[in-house]
Amino acid sequence: MVMKGQASNSWKSTAVKFRMPTAENLVPIRLDIEVDDQKFKDAFTWNPSDPDSEIVVFAKRTVKDLKLPPVFVTHIASSIQSQLADFRSFEGQDMYAGEKIVPIKLDLRVNHTLIKDQFLWDLNNFESDPEEFARNFCRDLAIDDPEVGPAIAFAIREQLYEIAIQSVASARESRISKKGRRGAEYALASKAGSGAVDIVKLFGHKSSVLRKRKEWDVYEPIVDLLSNEEVDALEAREERIAR
């Protein structure tokens, strides 16, 4: 009874307003546009506090720099605006931010570099910095390609964004639940991640990432440099899957 009471009383203290659970509140934006058999793909972050007028400026500059057909300006701007609207639709809503950690997985290829890794992330640390983590990752593993770091940071932010959205839904369900309210709230932490543990004991107050703990499989980063032939084969396979 004491544990349930503590969980119930702590719900409001662990409910914060929706935002990215990182130091910078940046929205992961992914573009995948095809017009008249010409394709454009990109992935980057956007500050939702920036004025919307910057979107068209960015779209025009991108089209000019990459020498894309002018029609891409509208498509790029529309896609960014739509994704920002989705993000802003959650702003102002409660998001559960209890003491918990979540698994983050990396499985991506950037040019000739293949990266696979898995680690635990402190979701309650709003000072965490995916970009700094990515820079340290590349430095520690001697990755020279300057495009790898931003791709790793983006992959982390994309996963944290999905988890934050799920936390909004979980907070809403717990708030409106009348029957078994205490039980639902107490289960909330485990619902968001079965690896929920005492964050302060594991991380301290500043660290954000954990690779090892008892009863958790130990993952070590795998980084492979692919040959031109291997890259061509992977791209051909990805093209077939896309079709």
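What follows is a short chat about some of the labels used for this predicted model.

Visitor: What makes strand 2 and strand 3 a pair?
Guide: Two strands pair if there are at least two bridges between them. Strand 2 (residues 27-35) and strand 3 (residues 38-46) are joined by 9 bridges, so they pair, and they run antiparallel.

Visitor: Which residue stands opposite Ile-29?
Guide: That's Phe-44, over in strand 3.

Visitor: And what goes on in the hairpin of strand 2 and strand 3?
Guide: There are 2 residues between the strands, and in this hairpin Asp-36 takes a positive phi near 50 degrees.

Visitor: Why is Phe-44 called buried?
Guide: Buried means under 20% relative accessible area. Phe-44 has 15%, so it counts as buried. Trp-46, with 9%, is buried by that rule too.

Visitor: What makes the rings of Phe-44 and Trp-46 a tilted pair?
Guide: Two values settle it, as a pair of aromatic rings is described by the distance of the centres and the angle of the planes. Rings pair if their centres lie within 6.5 Å, and planes under 30 degrees apart count as stacked, over 60 as edge-to-face and the rest as tilted. For Phe-44 and Trp-46 the centres are 6.4 Å apart and the planes stand at 55 degrees, so the pair is tilted.

Visitor: How do you know that Phe-44 and Phe-58 are tilted?
Guide: Their ring centres are 5.0 Å apart and their planes are at 50 degrees, so this pair is tilted as well. It links distant parts of the chain: Phe-44 sits in strand 3 and Phe-58 in helix 2 (residues 53-66), 14 residues apart. Phe-58 is buried, as is Phe-44.

Visitor: How many aromatic pairs does the structure hold?
Guide: The structure holds 10. Ring pairs also link Phe-18, Phe-87, Phe-90 and Tyr-161 into a cluster.

Visitor: Why does Asp-94 count as buried?
Guide: Its relative accessibility is 19%, and the cut-off is under 20%, so Asp-94 is buried. Asp-94 belongs to strand 4 (residues 94-96).

Visitor: Which residues lie nearest the centre of the largest pocket?
Guide: Arg-30, Lys-41, Asp-42, Arg-109 and Glu-238, out of 25 lining residues. By class, the lining has 11 nonpolar, 2 polar and 12 charged residues.

Definitions and conventions:
Residues are numbered from 1 along each chain as its sequence is written. This is a predicted model: local features need pLDDT of at least 70, side-chain atom pairs count only at pLDDT 80 or more; totals for chains, interfaces and linings use all residues. Side-chain values use heavy atoms; hydrogens and water are left out. Helices (H or I, at least four residues) and strands (E, at least two) are DSSP runs, numbered from the N terminus. Buried means under 20% relative accessible area, exposed over 50%, partly exposed in between (1.4 Å probe, protein chains only). On a 1 Å grid over the protein atoms alone, a cavity is a set of points where a 1.4 Å probe fits but cannot get out, and a pocket is an open set with protein on both sides within 12 Å along at least five of seven lines; lining residues have an atom within 4 Å of a point. Ala, Val, Leu, Ile, Met, Phe, Trp, Tyr, Cys and Pro count as nonpolar, Asp, Glu, Lys and Arg as charged, and the others, Gly among them, as polar. Rings of Phe, Tyr and Trp (its six-membered ring) pair if their centres lie within 6.5 Å; planes under 30 degrees apart count as stacked, over 60 as edge-to-face and the rest as tilted.
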